[in-house]
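I opened this entry to keep track of what I looked up, one topic at a time.

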Amino acid sequence: MAGTIDQARMKFSNIVNSRSYTRFNQSQNPDGESSRVEVKLAADGEEEMDGTELGPVQHDTYTRSSHSMPWNRWRILVWVCGVLVIFCVGLLIGYSVHHKSESAPCPTAVSAIQEVPLNYPPSLDWSDLVTLLNDKLSSKAIEEKLGELSQSDRKAGSFLDNKLADNIHDNFTQLNMDPWVDEHFVKLQFPDRSKPNKVLFGSTNIGSPNGFLAYSETGRKEGRVVYANYGQLSDLETVKNGTYRLSLNGSVVLMRAGKISMAQKVMNAAKMGAIAALIYPDPADYRNISKNTDLYGHVHLGSGDPYTPGFPSFNHTQFPPAKSSGLPGILAQTITANMAQAIFEKMGGDDAPDRFKGDFPSYKLGREGDNVTVVVNNNLADTKIHNVFGVIKGYVDPDRYVVIGAQRDSLSLGYAKSTVGTTLLLELARVFTELKKSGFRPKRSIVFASWTAGDFGNVGVTEWLEGYWASLDRKAFTYISLDGVVTGAGSFRASASPLLHTLLQKTLGKVKSPGSKLSLLQSYGGGLPPLLKTMQMDDGAYPFLAMSGIPSVSFSFVSPPASAEEYFGPILDDKAPLDNVTNQKVVELSVLAAQVAGQMALRLVHDHILRLDVTKYSDVITNHVNAIIQHVDALKNNNVIKTESLSTKWLNAAKSSYSRAAASLNTDIGNTDLNDMEMCRIINNRIMKVEQNFLSPYVSLRDAPFRHIFLGDGWQTTTDLEKYLGDVHENKISFDIDQVLNKFALLTWTIQGCANDLAGDIWSLDNEI
């Protein structure tokens, strides 16, 4: 019918002697996100319609002949009327066909504008959806899956680890979740059972522990043993610079587990000049474990394969010869509490400060001649690992997704650390699939991820993030970790991006405590701040947040005081001990954890606007900027040289810019028609960029992978600047004005850049700076 219209149009054009026409062509843009309009001008002699070349058009040429008879008015009128009738008939038929094509289902035409299902919006409202989610979560299924997934060997890359990965893949396949596998080739370190690691005091053999610390340097080192409590920098400085004045150069530092990660302890000791580090569990901190309990861990102060820093460990990738700057470069070994007590009994020197003491009878700092020898014979092995994924695709923005993930490996039994999380991952995948069958239409996608090599420093997670960095920062908008979600009972703790604080609080306010009318939030004090803890580097969600700029959350039911450390000792990380501290409520608490994670994910894919509260970062920025201002004022009051030229004006202005941009966004949300999907997508784009924009653009991913200026690690962070100014005030270091001005500038422009992006269009930017 298009041809009929074209012929009529052509004849009409001939009558009025038209020389050109304008054509509009709507086509899909390469990103598939919106359509564009193409305007073409066709000159006389050629014409295109719907992409088909019709060939040259013959235009009538009127040549007056001396023998031609002039047309009378009647003949002219009849001819014109005939042409008009043909034109009108063609126009009416064309309109009818076009009208029918618009009313009929046409997936291609719809997808070119917006991928919206025909039955959208969802038939279930929010309250019905939450009720359905809770009803479909099965305690029986969780209990059965916990028993099924319990196994003795969970080492990354092992036969049983790969077998479990295959089972998860099969499970996702049965749920029609289009599963796929991400394969990496990484370097993992294991002890050499033919040449066990050992520790000696003088010539006395203290023992050969089964536990080990991956990525330790190997070899044999001997030095004076010095006790340094938890190995925090303040502990080491007390020993080195306080009353005791003990040299740590060439020493073997003995530290107890807890407070900070093992990697941080070893790095701190290395910075003080130590040649080896020993870490043990003190009975004062780990009352429920045997004194023969071995500890496992790693010493990489970072995440991912430390021998491919900043690069994904894909097969056949050419890597430069490099090591992560997070490797301490000294020997490190865990020992049992009994081994540590044997060393303390032989040590002399000054009594340790009271805050250094635990449950042993004697705590000495060490003396000259108290020499300890550490032997580490670990082997570095090239290992193939597999991450497994499944997806439930969204109906409006399928290219935007929340990721729910769990570590499945463990250096030991890993019941609390990985079995529970993997069980809930599979249960939530089943439940969300059933919700979809029941009529739920998620606007965005949900990716379910099973990671491995987590015990070596979140290797599987990090390699995936490094491999798909270019797209993940624009598409993944939240990560929910299921690692260690049940390690006790009676209390609750969480670590999360400020963007997720409001959502987490509202979710805890809706999930009910078993056998009570109170919500979880009411049961644990009624407020979120006391339950929050700064996310640590060994948290499975940390690489998403601090390295990739993706809002992340991890949480756990714990025993008071809120510490799950005792459960990550491998011998006791099994079903019976966990049942004991939870009063046989592992399954019940697992259901609650699934409700918390499930409702958060559900809310993030259900609502038109992402439930990420950008105003929460206004408080974070304000607190850090105020702390910096206070430090600067203190230096000026003490007349520290060169501080008179130091101004916090622009840093303060950047803080205000962000607050105004966040408030403006909320105003835009309030004025937006939520049925306008394109406008909702534009607003969501602004929200999604906030976390990513707090990654400092002025540092290298390879040199400082955790680039987040508030939640990361390194010289680019606000906490590093605050500590530096505090040390200057306490006369610990000299003042370097150039260093401070440089950090001021980088922080100011990182915050202002985030504010500009959050403001939206270029004409909405705040240009006060």
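**Ground rules.** I am reading a predicted model, in which local features need pLDDT of at least 70 and side-chain atom pairs count only at pLDDT 80 or more, while totals for chains, interfaces and linings use all residues. Residues are numbered from 1 along each chain as its sequence is written, and side-chain values use heavy atoms, with hydrogens and water left out.

**Cores.** I looked up nonpolar cores, meaning sets of buried Ala, Val, Leu, Ile, Met, Phe, Trp, Tyr and Cys residues joined through side-chain atoms within 4.5 Å; buried is under 20% relative accessible area, exposed over 50% and partly exposed in between, with a 1.4 Å probe and protein chains only. The largest such core has 112 residues, and F448, Y658 and F735 have the most contacts inside it. Helix α17 (residues 586–606) gives the most to this core, with 13 residues; helices (H or I, at least four residues) and strands (E, at least two) are DSSP runs numbered from the N terminus. Apart from this core lies another, of 64 residues, among them F190, V239, A332 and V459.

**Helix α21.** I then followed α21 (residues 718–729), whose twelve residues reach 17 Å from first C-alpha to last, close to the 16 Å expected at 1.5 Å a residue, that span being 1.5 Å times one less than the number of residues. Its buried residues, including L721, Y724 and V728, pack against α18 (616–637) and α22 (737–759). After α21 comes N731, whose phi is positive, near 60°.

**T478.** I found T478 in strand β18 (residues 476–481), where T478 is buried at a relative accessible area of 0%. Leaving aside neighbours within four places in sequence, its contacts (heavy atoms within 4.5 Å) include Y401, V403, L500, I550 and L612.

**Salt bridges.** I counted a salt bridge where a side-chain nitrogen of Lys or Arg is within 4 Å of a carboxyl oxygen of Asp or Glu, and the count comes to 27. D607 pairs with R603 at 3.1 Å and with R611 at 2.7 Å; D607 is buried at 9%, R603 is buried at 16%, and R611 is partly exposed at 34%. D668 and R686 also meet in a salt bridge, at 3.1 Å from N to O. D668 lies in helix α19 (residues 649–670) and R686 in helix α20 (residues 677–693), so this pair ties together parts 18 residues apart in sequence. I also noted a network of salt bridges linking K136, E427, R430 and E434.
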